[in-house]
Amino acid sequence: MIPQNLAKRLREAHKIVVMTGAGVSAESGVPTFRDAQTGLWAKYDPTELASPEAFARQPKLVWDWYKWRYGLVTAVSPNPAHYALAEMAHLVPHFTLITQNIDNLHQIAGSEGVIELHGNIRRTKCSDKGHIFPGWPDDTAVQPPLCAVCGSPMRPDVVWFGESLPRHELEAATAATLQADVFFSVGTSSQVYPAAALTVEAIKKGATVIEINPHPTPLTPHVTFSLAAPAGEVLPQLVAEVWERAAVAIA
Ligand code: OAD
């Protein structure tokens with residue numbers, strides 16, 4: 001049940017910003033970033049593999065790990081949380097969706113203009129000049145394959161530990177956050193900065209901040225509303241109770 005004061009606040013909202021993390025894809029079957037790795041990858045710590053140093057040291061290992069993750073995300077579908085966010089965008093005056101996820105599930109669910117803070121695993125780029133290519137190149141004798149333009153080794157178009165976030169995306173996400181009167185933090189442990197700083201900014205500027213996460217995070221004590229439940233349950237309920245029923249009542 002959505003608290004009545006939250007429902008009222010959302011109906012009055014003018015600019016809603018939503019930032020998602022791996023938890024929004026958990027109900028699609030995509031392991032969250034800090035979930036235990038499975039199979040042959042169980043012995044590797046993701047933070048060890050998702051770095052330029054690891055790629056420089058063992059490019060094929062990192063390439064193979066991301067191909068495994070690419071296979072995971074292309075085998076699953078968006079869940080009700082993704083669809084509820086795609087619908088919410090049409091129910092409020094201004095809506096911005098920011099994601100830390102690289103799985104492209106928001107886009108498949110119909111969300112447009114998604115701000116991808118950490119890139120997108122469905123794109124690859126070369127490690128020297130950053131030439132971007134859609135999808136993954138076919139397997140070649142050389143692994144990782146070499147860029148067709150400049151010949152440097154290919155890598156996934158995602159942000160690695162120690163790398164800067166894409167400037168345009170971070171600026172757009174920050175600008176939207178500073179103007180938001182309502183800010184959702186959905187399915188993120190709020191441990192990784194600068195992404196987590198957006199939620200902090202929203203709190204500091206006095207926006208209504210709603211956290212959706214079955215488990216507490218470092219920011220839980222500071223948000224306006226903490227909905228401790230799975231996103232796939234809460235978000236569809238919220239869209240139905242706050243907007244759809246209100247629309248029927250008015251009609
Ligand atoms: P984490 O794995 O750190 O956190 C996932 C969060 O989702 C946890 O707090 C879970 O409690 C929560 N969660 C799990 N199931 C959920 C559900 N059904 N509904 C809602 N929440 C649920 O993933 P992120 O916070 O996204 O960065 O991690 C942020 C970044 O850390 C990742 O983007 C990655 C990593 O470094 C890069 O790869 C650059």
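**Ser 190 and beyond**

Tutor: Setting aside residues up to four places away in sequence, Ser 190 touches Ser 185, Ala 196, Glu 211, Thr 217, Pro 218 and Leu 219, where contact means heavy atoms within 4.5 Å. The model is predicted, so local features need pLDDT of at least 70 and side-chain atom pairs count only at pLDDT 80 or more, while totals for chains, interfaces and linings use all residues. Residues are numbered from 1 along each chain as its sequence is written, and side-chain values use heavy atoms, with hydrogens and water left out.

Ser 190 sits in the loop between strand 7 (182–186) and helix 8 (195–204); helices (H or I, at least four residues) and strands (E, at least two) are DSSP runs, numbered from the N terminus. Ser 190 counts as buried because its relative accessibility is 3%, given that buried means under 20% relative accessible area, exposed over 50%, and partly exposed in between, with a 1.4 Å probe and protein chains only.

Apart from neighbours within four places in sequence, Asp 181 is in contact with residues including Arg 9, His 14, Ala 207 and Thr 208. Asp 181 and Gly 206 are 25 residues apart in sequence, yet 7.9 Å apart in space, C-alpha to C-alpha.

Next comes the ligand. Of the 22 residues around the ligand, Glu 27, Arg 34, Thr 188, Ser 189 and Asn 213 come nearest, and a residue belongs to this group if one of its heavy atoms lies within 4 Å of the ligand. A polar side-chain atom of His 215 lies 3.0 Å from an oxygen atom of the ligand, a backbone N or O atom of Gln 100 lies 3.2 Å from an oxygen atom of the ligand, and a polar backbone atom of Ala 231 is 2.9 Å from a nitrogen atom of the ligand. Taken alone, the ligand exposes 790 Å², of which the protein buries 89%, the areas coming from the Shrake-Rupley method with a 1.4 Å probe.

Finally, the cysteines: the structure holds 0 disulfides, a disulfide being a pair of cysteine sulfur atoms within 2.5 Å. Cys 147 is in no disulfide, and the nearest cysteine sulfur, that of Cys 150, is 3.8 Å away. Because its relative accessibility is 5%, Cys 147 counts as buried.

Terms used: A polar contact is a pair of N or O atoms within 3.5 Å; within protein, one must be able to donate a hydrogen and the other to accept it, and residues adjacent in sequence count only if both atoms are side-chain atoms.
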